[in-house]
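Biologist: I would like a close look at one part of this model. Please take me through it step by step.

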Amino acid sequence: MTVIVLEEPRRELSQDFGPGDVVSYIGKIHAAPADPFVPGDPADRTFCGQDTSGMEKLSYRPAGPGASWFPPNKRQWVCRDCDTALRTG
Ligand SMILES: [Zn+2]
């Protein structure tokens, strides 16, 4: 199965945290199955059920069977639901 790795767009949240406090938000890393009709593009939904439109496609591809589906340097932002779906599915 081909897995497309997607990253949520980064946002900066500045409201609700008091003056001067800007919290930068790092987008989560999700995975989606490939669109059966458009090779290289993700299907409409990620494995955790989120809309893939608006997410950024990463060029990362797993090195091979057993390799992690996400880039190692993004480990801390990986979506747990997507990860679980890929490990158990
Ligand atoms: Zn996800």
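Biologist: In which strand does Lys-57 lie? Please describe the surroundings too.

Modeller: Keep in mind that this is a predicted model. Lys-57 lies in strand 5, which covers residues 56–57. Next, how open is the residue? Its relative accessible area is 39%. Buried would need under 20%, and exposed over 50%. Lys-57 therefore counts as partly exposed.

Now look at the neighbours. Leaving aside residues up to four places away in sequence, Lys-57 touches Ile-4, Val-5 and Leu-6, along with Gly-40, Asp-41 and Pro-42. Two of these names come back when we follow the side chain. The side chain of Lys-57 reaches the backbone oxygen of Gly-40 at 2.9 Å. It also makes a polar contact with the side chain of Asp-41, again at 2.9 Å.

Sequence distance tells another story. Glu-7 is 50 residues from Lys-57 along the chain. In space, their C-alpha atoms are 6.4 Å apart.

Four residues coordinate the ion: His-30 through ND1, and Cys-48, Cys-79 and Cys-82 through SG. The distances run from 2.0 to 2.3 Å. Angles among the four donor atoms are 103 to 120°, and the site is tetrahedral. Along the sequence, the donor residues follow the spacing H-x17-C-x30-C-x2-C.

Methods. Residues are numbered from 1 along each chain as its sequence is written. This is a predicted model: local features need pLDDT of at least 70, side-chain atom pairs count only at pLDDT 80 or more; totals for chains, interfaces and linings use all residues. Side-chain values use heavy atoms; hydrogens and water are left out. Helices (H or I, at least four residues) and strands (E, at least two) are DSSP runs, numbered from the N terminus. Buried means under 20% relative accessible area, exposed over 50%, partly exposed in between (1.4 Å probe, protein chains only). Contact means heavy atoms within 4.5 Å. A polar contact is a pair of N or O atoms within 3.5 Å; within protein, one must be able to donate a hydrogen and the other to accept it, and residues adjacent in sequence count only if both atoms are side-chain atoms. Donors are N, O and S atoms within 2.8 Å of the metal (3.2 Å for Na, K and Ca); water is not among the atoms, so sites may look incomplete. Four donors count as tetrahedral if all angles lie between 85 and 135 degrees; four count as square planar and six as octahedral if opposite donors are over 155 degrees apart and all others between 65 and 115; anything else is irregular.
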